[in-house]
Amino acid sequence: MRLTNSLTMKKEELAPYEPGKIRMYTCGPTVYDYAHIGNLRSYMMEDVLEKALTYLGYQVDRVMNITDVGHLTSDADSGEDKMLKGAKREHKTAMEIARFYTQAFFADCKKLNIRRPDTVVPATGCIGDFIEMVSALLEKGYAYKAGGNVYFDTSRLENYYVFGNQSGDDLAVGVREGVEADGNKRNKADFVLWFTKSKFEDQELKWESPWGLGYPGWHIECSAISIKNLGEYLDIHCGGIDNAFPHHTNEIAQSEAYLGHPWCKYWFHVLHLNDAGGKISKSKGAKLTVSLLEEKGYNPLAYRLFCLQSHYRKPLAFSFESLDNAAQAYQKLIARIGALGEGEPDQAAAKPYQEKFREALGNDLNTSQAITVLYDMLKSPLDDGTKRWLAGDFDQVLGLDLLAAAQREGQPEAQASPELKAEIQALIQKRAEARKAKDWAAADAIRDELAARHVVVKDTAGGVEWHIEA
Ligand code: AMP
Ligand code: ZN
């Protein structure tokens, strides 16, 4: 497996600390609002990376945090805690906000077939670990107290700007511009490890510490959670490109200072999803969410295909026109697989296609190439049983529900015309109203009318389900 490592900006052959095993850490969501589809591009490509590594035979151990405290509105330690901002907006407590948006995040992930990492750790559950790490950094002379806060001293490092050799526009080095200087800092690049004093006094989440009542900085969360759950040697650390600086740069600084040796070998960064107005961001107010896509009639997996069609290391321009193209391609793909006959797969004949699929994944996670292998395979002279089997095999990585969706496609209700579907929905609605009015005779009459059209209705806890009897 070759991956572009942000430390060198080169495609490097993956050589994990322990052969065959990958320890992988992902910066989780800041749970103060819904994730937008840009955030989810990052999580999706990280999901594909995990699945590709597993497909290629690695044993992957993956950890993700949930940022439910400490991420300020500016990445450079100023502004207010994003959680507090969310809580104020919705007149709820920060923990209520965290619970709600954590659930919403995983619900979105499920719709996009993004697997929940093995270990998911909310930051508020690890305060003792952060305090332990900050204490050790103070003891080693890598940190200092000033104005009530604890800061990391970047002047102690020979090379703080580890991603500094990067060229091009994909490093978010501009984030510090326009940020007010913090007079407590000895060096401009120093960052807060623990806050007890900040410009806002109404921070809701605070804990006792050796430095007073306060809360952790965002960066320390990821270092401490990663080291606690994955040990002192990390193979792959993932995140969106905006996290490279300052977040990941700071994670490296404090982790290596704390451990006294190199920490993470490979940095996997996903480039941004942009719309016509630039980078899609939570604070911009444009709520491009999975729910919005669904409201507009898109299957979330069409968005997954849209993302897979381009490389994770390239910025991706979003528009509804290009999503329409992906949605059409998805529909065609499913119909094509749905039309395949059944049969025993010919494993020997399948092998060369598996080999090509592995090559595409191994070449810096070239997902669009992997999709091309899928199309080539469907066009090939292979028999239907083998094609169907290979589609299922590839889907372990692609996560497009290829076989399940194709099966649904073959069912009579999927074939029903939009007019017939609307008619059935109207009858179901009329029946629900009759039942509500306790007009059982009318409700039964509608049920009979539906039955005459071979429509079987079933009342479930989640609402009315229906299907057409073949
Ligand atoms: P947050 O919840 O704001 O901490 O961000 C969650 C993840 O989404 C991080 O890995 C970010 O780097 C990433 N991210 C933020 N904006 C975008 C975007 N427009 N496109 C892709 N990834 C993004
Ligand atoms: Zn992080």
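Two strands are taken to pair if DSSP finds at least two bridges between them, strands (E, at least two residues) and helices (H or I, at least four residues) being DSSP runs numbered from the N terminus. The structure is a predicted model, in which local features need pLDDT of at least 70 and side-chain atom pairs count only at pLDDT 80 or more, whereas totals for chains, interfaces and linings use all residues. Residues are numbered from 1 along each chain as its sequence is written, chains are lettered from A and ligands numbered from 1 in the order in which they are written, and side-chain values use heavy atoms, with hydrogens and water left out.

Strand S3 (residues 21-26) pairs with S4 in the parallel sense over six bridges, and Lys 21 has Gln 59 of S4 as its bridge partner. Strand S4 (residues 59-66) is largely enclosed by the rest of the structure, because six of its eight residues are buried (under 20% relative accessible area, with a 1.4 Å probe and protein chains only). Elsewhere, three strands form an open sheet of mixed pairing in the order S15-S14-S16, in which strand S15 (278-279) and strand S16 (316-317) are the edge strands, each pairing on one side only. Strand S14 (residues 273-275) runs parallel to S16, to which two bridges join it, and Leu 273 stands opposite Leu 316 in S16.

The largest nonpolar core has 138 residues, and those with the most contacts inside it are Leu 49, Leu 53, Ile 236, Tyr 303 and Phe 394; such a core is a set of buried Ala, Val, Leu, Ile, Met, Phe, Trp, Tyr and Cys residues joined through side-chain atoms within 4.5 Å. Helix H1 (residues 37-55) supplies the largest share of this core, 10 residues. Of the 19 residues of H1, 17 are buried, and just after the helix Gly 57 takes a positive phi of about 105°.

His 247 and Glu 251 are both buried, and they are separated by about one helical turn because they lie four residues apart in helix H6 (residues 244-259).

Note on methods: Buried < 20%, exposed > 50% of the residue type's maximum accessible area, 1.4 Å probe, protein only.
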